[in-house]
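Have a look at the structure first, then follow along with me.

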Amino acid sequence: MSSQGSRPGGDGRLTAALDPHDQGPQDACGVFGVWAPGEDVSKLTYFGLYALQHRGQESAGIAVSNGRQILVYKDMGLVSQVFDETTLASLKGHLAVGHARYSTTGASTWQNAQPTFRPTADGSIALGHNGNLINTHELREMVDALPGPDDELDLHTRPVEVSTNDTGLVTALLAHHPDTSLEQRALEVLPLLRGAFCFVWMNENTLYAARDPQGIRPLVLGRLDRGWVVASEDAALATIGASVVREVEPGEMIVIDENGLRSHRFAEPDRKGCVFEYVYLARPDATISGRSVHESRVEMGRQLAREFPVEADLVIPVPESGTPAAAGYAEESGIPFGQGFVKNAYVGRTFIQPSQTLRQLGIRLKLNALDHMIRGKRIVVVDDSIVRGNTQRAQVRMLREAGAAEVHVRISSPPVKWPCFYGIDFATRAELIANGLSPEEIAASIGADSLGYISLEGMVDSTKQAASQLCQACFTGEYPVELPDESLLGKHLLETSIASPTHGKALPVLNNP
Ligand SMILES: O=P(O)(O)OC[C@H]1O[C@H](OP(=O)(O)OP(=O)(O)O)[C@H](O)[C@@H]1O
Ligand SMILES: NC(=O)CC[C@H](N)C(=O)O
């Protein structure tokens, strides 16, 4: 990576840039934000992101401010690959925001890694986003209507970031507040956004967080002895020793600075939390809307055993996220629970990798069957979901090769038939195996003796949330935030990117690869 344009510096408050590829051998979508004078905020953010790594594994970044300038460090890779002690030690300040990304809109590139950065009339902002916006064309037009970078910025001292995703557009809209405060500007911009968003952002002195009116993705507020924290999941708070205060409410914006915490309501709440957070996305030790994710998953397994019993010798999970449901299935059915697969702990989640080839390779890399546990037995194998079918096809084959007498697949969520437009890369309908095939046809396709999916009601009841307050669009096709264009249903979100470097204006940023 080489730098384009000159490095920031010289005007006393300019954002400086740290590009890991300019650091020689010193080697640096979960969101995290911390405001804590006297604490090592970049390290707290690093550990917070580490706890949120399961939410995004393509790129990671941290922005930190010491009150005068914001430093941003981001790169492709896992949190532990992007940051090291030296990098973290150079990120000094009293407030920080961090991000671990997997892409939903805009390619998986350094330019789209977050926090995104943009200079403003009175400083700069850095922002991280979990979610996905669906009115990006509208937002693009709003950004295009803003005064261009040439009018606004000195490009000799402030190089340009060409971000091609939804997050870059919001950053540009927020950053344009020549005559008003960032806080006021945010209260104008947030109501214009459609879709899912949990944002954490900052300027030099203030930490902000906001959650969309539907509260599709989780966001929690926590307290340190000497500060405040916001994070996608409460497990990240526990990791850094912060206590949970409450969830950031749907439609709420929080502002934290030396005067404490202020809360604004920018929209009326209409709660539609993502049910797939309970099924797969969130960590099992997370609590969302007062309900333990682990307990929800165990209950889904119990319910699955009631709905799809089978005579068998052993219940095994597809690790990791299938494990609690398998335990619930075994408990309810009375069939012994055991380990049938060994998971390589160093391999990450497979369905969120960007290409099909990588996904398929990833599964073989991840799971190996324990032959002596499997041989001659009738196996019930429990997983949380079938998306493209890669995992089940591979693991049924492995179980057969290991000598299983029968393989019965049980899935603790209903068939995924519809793409997600709110922050999960469920891709196109064509890629979803349950879109074209019945459960019987899927069983034949993956080579299973039987296949049972939990009912929609069974899954929803297990979360102890009112069905009316959950987004179940990936199972039902009923989208709680109206899609601007029905043709979106046939497209991959990565193809709906709002701008390419050759279309529209370039967004200013600190360093270019
Ligand atoms: O039908 P597919 O397209 O294969 O996707 C579904 C699989 O992806 C997830 O596992 P993943 O490996 O991502 O994560 P996990 O280890 O946390 O269960 C999920 O638990 C299923 O096993
Ligand atoms: N998974 C996410 O939350 C993605 C955030 C944002 N839409 C992006 O693609 O960067």
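A polar contact, as I use the term here, is a pair of N or O atoms within 3.5 Å; within protein, one atom must be able to donate a hydrogen and the other to accept it, and residues adjacent in sequence count only if both atoms are side-chain atoms. With that in hand, I looked up Asp 166: an N or O atom of its side chain is 2.9 Å from a nitrogen atom of ligand 2.

**Ground rules.** This is a predicted model, in which local features need pLDDT of at least 70 and side-chain atom pairs count only at pLDDT 80 or more, while totals for chains, interfaces and linings use all residues. Residues are numbered from 1 along each chain as its sequence is written, chains are lettered from A and ligands numbered from 1 in the order in which they are written, and side-chain values use heavy atoms, with hydrogens and water left out.

**Ligand 2, contacts.** Gly 131 has a backbone N or O atom 2.7 Å from an oxygen atom of ligand 2, and a polar backbone atom of Thr 105 is 3.2 Å from an oxygen atom of the ligand. How much of ligand 2 does the protein cover? On its own, ligand 2 has 300 Å² of accessible area, and the protein covers 100% of that (Shrake-Rupley method with a 1.4 Å probe; for residues, only the protein chains shown count as cover).

**Ligand 2, shell.** I counted a residue as near if one of its heavy atoms lies within 4 Å. There are 15 residues around ligand 2, and Cys 29, Arg 101, Gln 114, Asn 130 and Gly 131 come nearest. The shell divides into two nonpolar, 11 polar and two charged residues (Ala, Val, Leu, Ile, Met, Phe, Trp, Tyr, Cys and Pro are nonpolar; Asp, Glu, Lys and Arg are charged; the others, Gly among them, are polar). Which element gives the largest share of the shell? That is β7, with four residues. Both β7 (123–133) and α6 (166–175) supply at least two residues each. Helices (H or I, at least four residues) and strands (E, at least two) are DSSP runs, numbered from the N terminus.

**Strand β7.** Is β7 buried or exposed? I noted 11 of its 11 residues as buried, so β7 is largely enclosed by the rest of the structure. Buried means under 20% relative accessible area, exposed over 50%, and partly exposed in between (1.4 Å probe, protein chains only). Strands pair if DSSP finds at least two bridges between them. β6 and β7 run antiparallel, joined by five bridges, and form a hairpin with two residues between them. In this pairing, Arg 118 has Ile 125 of β7 as its bridge partner. β7 is also antiparallel to β9 (residues 195–202), with eight bridges; there Ala 126 stands opposite Met 202.

**A loop residue.** Next I checked Ala 107, in the loop between β5 (95–101) and β6 (116–120). Ala 107 counts as partly exposed because its relative accessibility is 38%.

**Another hairpin.** β14 (residues 252–257) and β15 (residues 260–265) are antiparallel, with six bridges. Two residues lie between them in the hairpin, and Ile 254 stands opposite Ser 263 in β15.

**Whole chain.** An automatic or database assignment gives domain 1 (27–272) and domain 2 (291–465).
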